[in-house]
Amino acid sequence: MGYESILMEREREREREAQCIVGDLPAVWAYSSITKGWFKPESNPNYKLYQRGKFELLHVYDLLTFDNPDGGAWKQGFEIRYQENEWDETPLELFLVPHSHNDPGWLKTFNSYYQDQTKHILNNMLIKLSEDHRRKMIWAEISYFSKWWNDIDEQKREMVKRLVGAGQLELVTGGWVMPDEANSHYFALLDQLMEGHQWLQKHLGVRPSSGWAVDPFGHSPSMTYLLKGAGLNNMVIQRVHYAVKKHFARQQTLEFLWRQSWDSSPRSDITCHMMPFYSYDVPHTCGPNPPITEQNVREALLLLDQYRQKSRLFRSPVLLVPLGDDFRFTESSEWDAQFRNYQKLFDYFEQHPELHIKARFGTLSDYFEALHRRLNATGTTLPTLRGDFFTYADRDDHYWSGFFTSRPFYKRLDRALESTLRYGHEILFSLTLADMRRFRGDGRLVADFPGHEHFRRLTEARRNLALFQHHDAVTGTARDPVVVDYGTRLFHSILNLRQVLQSSAHWLLLLDKSQYHHDQSKPFLQMDDVMSAQDALPQKTPLVLSDAPRSLIIFNPTEQLRTSVISVVIDSPDARVIEAETGRPMTAQISAVWAEPSRASADSFQVRTDQELIYFMSSFSLCLILPCVFSSSPSSLNFLLCHSPQGPEADAPLSLSNKHVQIWSSQETGLLQSGLVRQVQVQFLWYGTRSGVNRDKSGAYLFLPGEEGAQLYSSSEPPLIRVSRGPVFSDITSCFRHFTHTLRLLHLDGHAGRSLEISNMVDIRSEVNRELAMRLVSNVANGNRFYSDLNGFQMQQRRTLEKLPLQANFYPMTSASFLQDSSSRLSLLSAQSQAVASLRPGELVLDRRLQQDDNRGLGQGVTDNKLTASLYHLLLEDRRGGAQEVGGASVEHLSLLAHLTSLSLCHPPITMVAPSDSQLPKLRPFRPLRSSLPCDVHLLNLRTLEDAQEVALLLHRKGFDCSSAPEPMPQCTWSVNLDDLFSPLQFRSVRRSGLTLLREHDEPESARQQQPRITRLRPMEISAYRVEID
Ligand SMILES: [Zn+2]
């Protein structure tokens, strides 16, 4: 399929989509607390759509006034009335669901919680559930469950299996953790789900059917997409803005079908139950009125009243009542108290049929089965909802937008491990195993290849990445020692994965495989940088040059042909680079390594080489290639150092340009003033926090900026500015006291030359209660609309609303955001997640240093700041033919160019160094892909599965925006046959499966013969295959 026909297909998709989405109207009506009703509803088409049972969160935001009135006993709600006889015909059917919320790290580390609490909870669970078959329990975190499983004997394991088989114990969601849904990337979200599901399949032979997410700080439809793809049909969520909850409760829409914004079919629908009250803890779960906590017969009628009130918030008489809290059910006595008292209550209800209630302990599946039975029996349909639940507020103006940025150092380290895991282990390791088996011909591995050892490292890294997706880990909301524990796990995993990468690459590059010899103490290949500690940035190791050439190994971990700039630190400024295969010289640029802002290091220089020709002409995607660096005749360094306007560029703004882009920077600050055709400026800002005693201030979770708002960053002395120009790149670096900011243009012909690279090195350790933000001011007329991504999977429209406080207008940005008008789109792609807002100009929060706790249980501020790097690409694109959309449609995608730019940014090329060439065996490039994958298809993973010789192949076909054609056209194909994707390796069998590769989801034998074609993949969808590689 050519690009034009792909575009036509997308246009048809959009037209179908447009029929389901209405344009936005100003909020002309609202709920009246006097008349207890909505006024002027008929004039708003959104309301009609709402009445038809389809609505979007964006429209709900239009409707709400966010006035936070006191609701009486149920503070954030309203008074609920009911008639005594309402349940006479159909009795209330109540499921009390015991649960214990176990954070894999928060105030204590994962291991400490396990030793002090979790193992006792699970041990007691085994005894107490076995005592009475009517007792039930749900469990969510497989990280804890699997650790406990390793500790118990065979007899206890059999007891667990019996309880699971009898439906007394249900494993819900089945993820390694209950992940954060704001900062986590969809690769890691899916990987932790797969790790949990694979564990459950292997040890208990079960697959989860219901999701349970009661503590993540806001909810994303990307997570629901993954759950649905993994075979779940129901889910429970809890932390949603209190005003939204109240609205849903009033409309009886707390149960809905959650649909993907981009999906015009019900394919992605999942039944979602939103808890109505403030928290999932014991005081807030029995009913709307918190003081009722006693569970005994005398108060049965009081409790019944609460249950009946709660039931009025839902469309069916089936009621879910959770019973539990953080680390509850530790003591044996607590189990007895809860289970015995509630059983007495249930028995009392049973003996009094005139109360019309049937109550019992239940699991989530028990509840949802009863719900669906009841809905089907009465022909009741649930409304359909699109959108997400950010930004969460639990009370007043306490918006949880601080955690989008808290501990940015670790948010970036998370993505470094993610990228390392994807390429270093999963993909290259899987290909190495397959290639070795093919080489030997007997299905076995080469004798001294440490396959098992590597698989152990792989599993550990997967689990550490999974653990870090927990809603107190990647969020930056754990105590300092717990953060160090997470950081150490991420750091060790990266080091371990590097070993796997080195030995896999060693095998794949050897021309004569019989020369393969593994020596752990003397790895054949070395990485070109060193990570010295969990809280330190990687440092490049200088390459010692002599007359003999030094071979480099460059690995492009993406499935697309790419042109990129590689940098290597060398010990002398005199060097040149040649292409190993042809001996052709490569364009190179030498620049200084800066020890301090104005002092170049005397013994190391940085050489940057333009890989363009190699990648463009001779290399394929996902490959390892081999350039060499030589010592050569002296060359000159080309840079300009200035403190204040002096020298040749004193009077004019500093300017950078390449074939596609020209920018101008202030000669005083070096910051971007204009460029990229439209006006774009960079500014830096400070936010403080609220002043006054006894006032809530910003902390790890909350962003509560001071009344003065953002203050423009200013410094008493002008920054030092460095300008470099050369054949490979040109850049401007401004060194301020709290950050070093670099703007860089690459002189490349391909799409890598189209964007402006922005990087920051931030250090706010000297500050008190301050947050540093970067602002992009542009003249793109986007009104109050912008778009930010959800988990790197999809884009969500955002609106800056004046009726909301400043902190409510910040949203999570995992990897991308853009704003647009009819002629241009400005996209910002990022390599880390953080908070973003479009308060007319766009803003990104870079780091936060906050001295106090924000009263959400953590008990400390955020003061462990580090020197932190952040990296972006800014892309300006024309929109074709003055596209109609000016912020109307709520479904938008990144452009193809933005997708490719983001892919390159998140998966930088990896450089390894071979020993000096005299001892070098003959190497050859390794190019596993016969051609690049289609432009819109992403090889998400090639994951070695534990059993047999199977591999999970995960492909994601991205949705992209058609209104800007990529210029220049990327070098990728539009159709490919999976059969010979990894030639000469062949797929012996390909079988479609669910997203977590559970055997039950494998397509039947009969469908197996149909080889999957990529053209059969739907836009936006992730497809999973179980494959055997020969
Ligand atoms: Zn939690």
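## A strand residue to start from

Ala588 is located in strand β21, which covers residues 588-596. Its relative accessible area is 27%, so Ala588 counts as partly exposed. Ile578 is ten residues from Ala588 along the chain, and 9.5 Å separates the C-alpha atoms of the two.

## The chain as a whole

The model is predicted. In the chain there are 17 helices and 48 strands. The chain has 1030 residues, and 65% of them are buried. Its accessible surface amounts to about 36600 Å², with 49% of that belonging to carbon and sulfur atoms. Taking the contacts between residues at least 6 apart in sequence, 76% join residues at least 24 apart.

## Confidence in the model

The average pLDDT of the chain is 84, and 83% of the residues score at least 70.

## Helix α5 and its cover

Helix α5 consists of residues 142-151. Seven of its ten residues are buried, which leaves the helix mostly covered. The buried ones are Ile142, Ser143, Tyr144, Phe145, Ser146, Trp148 and Trp149. Their cover includes the helices α4, α6 (154-165), α7 and α14 (451-468), together with the strands β5 (137-139) and β6 (169-171).

Ser146 is a residue of α5. Its relative accessibility is 5%, under the 20% limit, and therefore Ser146 counts as buried. Leaving aside residues up to four places away in sequence, Ser146 touches Trp176 and Trp199.

## Lys119 in helix α4

Lys119 belongs to helix α4, which runs over residues 110-131. With a relative accessible area of 23%, Lys119 is partly exposed. When residues up to four places away in sequence are not counted, Lys119 touches Tyr114 and Trp148. Trp148 is one of the buried residues of α5. Phe145, also buried in α5, lies 26 residues from Lys119 in sequence, and the C-alpha atoms of Lys119 and Phe145 are 8.7 Å apart.

Helix α7, residues 186-203, and helix α5 have axes that come within 10 Å and cross at roughly 35°. The crossing of α5 and α7 is left-handed. On the α5 side the contact involves Ile142, Phe145, Ser146 and Trp149, and on the α7 side Gly196, Trp199, Leu200 and His203. Sorted by class, this contact of α5 with α7 has five nonpolar and three polar residues, with no charged ones.

Helix α8 covers residues 221-229, and its axis comes within 10 Å of that of α7, crossing at roughly 35°. The crossing of α7 and α8 is right-handed. Tyr186, Leu189, Leu190, Gln192 and Leu193 of α7 make this contact with Met223, Leu226 and Leu227 of α8. Seven residues in the contact of α7 with α8 are nonpolar, one is polar and none is charged.

## Backbone details in loops

Most residues other than glycine have a negative phi, and most peptide bonds are trans. Some places in this chain depart from that pattern. The peptide bond from Phe390 to Thr391 is cis, and its omega is near 5°. Thr391 is in the loop that joins β13 (384-386) and α13 (408-440).

Asn769, a residue other than glycine, has a positive phi, near 50°. Asn769 sits in the loop between β34 (756-762) and β35 (770-778). Its relative accessible area is 16%, so Asn769 is buried. Met1020 likewise has a positive phi, here near 80°. The loop that holds Met1020 lies between β47 (987-993) and β48 (1022-1029). Met1020 counts as buried because its relative accessibility is 3%.

Note on methods. Residues numbered from 1 in each chain as written. Predicted model: local features only at pLDDT ≥ 70, side-chain atom pairs only at ≥ 80, totals over all residues. Heavy atoms only, no water. Axes fitted to C-alpha atoms, helices over the stretch in contact; angles between N-to-C directions. Helix = DSSP H or I, 4+ residues; strand = E, 2+ residues; numbered from the N terminus. Left-handed = near helix turned anticlockwise from the far one by under 90°. Contact = heavy atoms within 4.5 Å. Nonpolar A, V, L, I, M, F, W, Y, C, P; charged D, E, K, R; others polar. Buried < 20%, exposed > 50% of the residue type's maximum accessible area, 1.4 Å probe, protein only. Areas by Shrake-Rupley, 256 points an atom, 1.4 Å probe, with all protein chains shown as cover. pLDDT = per-residue confidence, 0-100.
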